[in-house]
Amino acid sequence: MNKQSKLTVFLVEDNLLYRSALKAHLEENIHNINIRTFNNGEEMLDRINQNPDVVVLDYMLQTSAIKARNGMSILKKVIFKKPYTPVIMLSEQKNKALITELVDQGAYDYVAKFDNGFERVTNHIRTIVSQLEEEKKEEMSLWNAMLWTFTIVAFLSILLYEINIHK
């Protein structure tokens, strides 16, 4: 993600009011964000190859979709298909064993919906954006180092060639 591109967030939440409110909050508090919303995990998985930067996923997905899965099942599929995509789990659950299992299965973190949930999701996304920007800087530094190394090797090769010709 560079400074001109938008951060793409997939938001999977079956509660329309909560989904709309969280989307509005994120758009208001995070610049350059593109939020795609989904009512269930299957809809989101159909589009996972669009490479979201972050997935925000409700644990208790209750939809009318046939064979709809819960958030744990969807988390496992996202991790399998896109292992480097951070997944922030959302739920009203406060079961510590469940929270631990979600994180153990690969969730970036767990956010309880009604314990400052909007702010916690916002802060997690900001942290992820900072991490992505830092990775890009490191990647650019590596490319610059490789370019300089190539330039020096090419220069030295030409110099040695010239020295050998004039001997």
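Colleague: Is the crossing of α1 and α5 left-handed or right-handed?

Modeller: The crossing of α1 and α5 is right-handed; that term applies if the near helix is turned clockwise from the far one, by less than a right angle, and left-handed if anticlockwise. This is a predicted model, in which local features need pLDDT of at least 70, side-chain atom pairs count only at pLDDT 80 or more, and totals for chains, interfaces and linings use all residues. Residues are numbered from 1 along each chain as its sequence is written, and side-chain values use heavy atoms, without hydrogens and water.

Colleague: Why is α1 called oblique to α5?

Modeller: The axes of α1 (residues 16–29) and α5 (residues 117–165) come within 10 Å and cross at roughly 45°. Angles under 35 degrees count as roughly parallel, over 145 as roughly antiparallel, 65 to 115 as roughly perpendicular and the rest as oblique; therefore α1 is oblique to α5. The axes are lines fitted to C-alpha atoms over the stretch in contact, with angles from 0 to 180 degrees between N-to-C directions.

Colleague: Which residues of α1 meet α5?

Modeller: Among them are Tyr18, Leu22 and Leu26, where contact means heavy atoms within 4.5 Å.

Colleague: What makes the largest nonpolar core a core, and how many residues has it?

Modeller: It has 21 residues, and Met44, Leu75 and Leu102 are among those with the most contacts inside it. A nonpolar core joins buried (under 20% relative accessible area, 1.4 Å probe, protein chains only) Ala, Val, Leu, Ile, Met, Phe, Trp, Tyr and Cys residues through side-chain atoms within 4.5 Å. Helix α3 gives the most to this core, with four residues.

How values were computed:
Buried < 20%, exposed > 50% of the residue type's maximum accessible area, 1.4 Å probe, protein only. Helix = DSSP H or I, 4+ residues; strand = E, 2+ residues; numbered from the N terminus.
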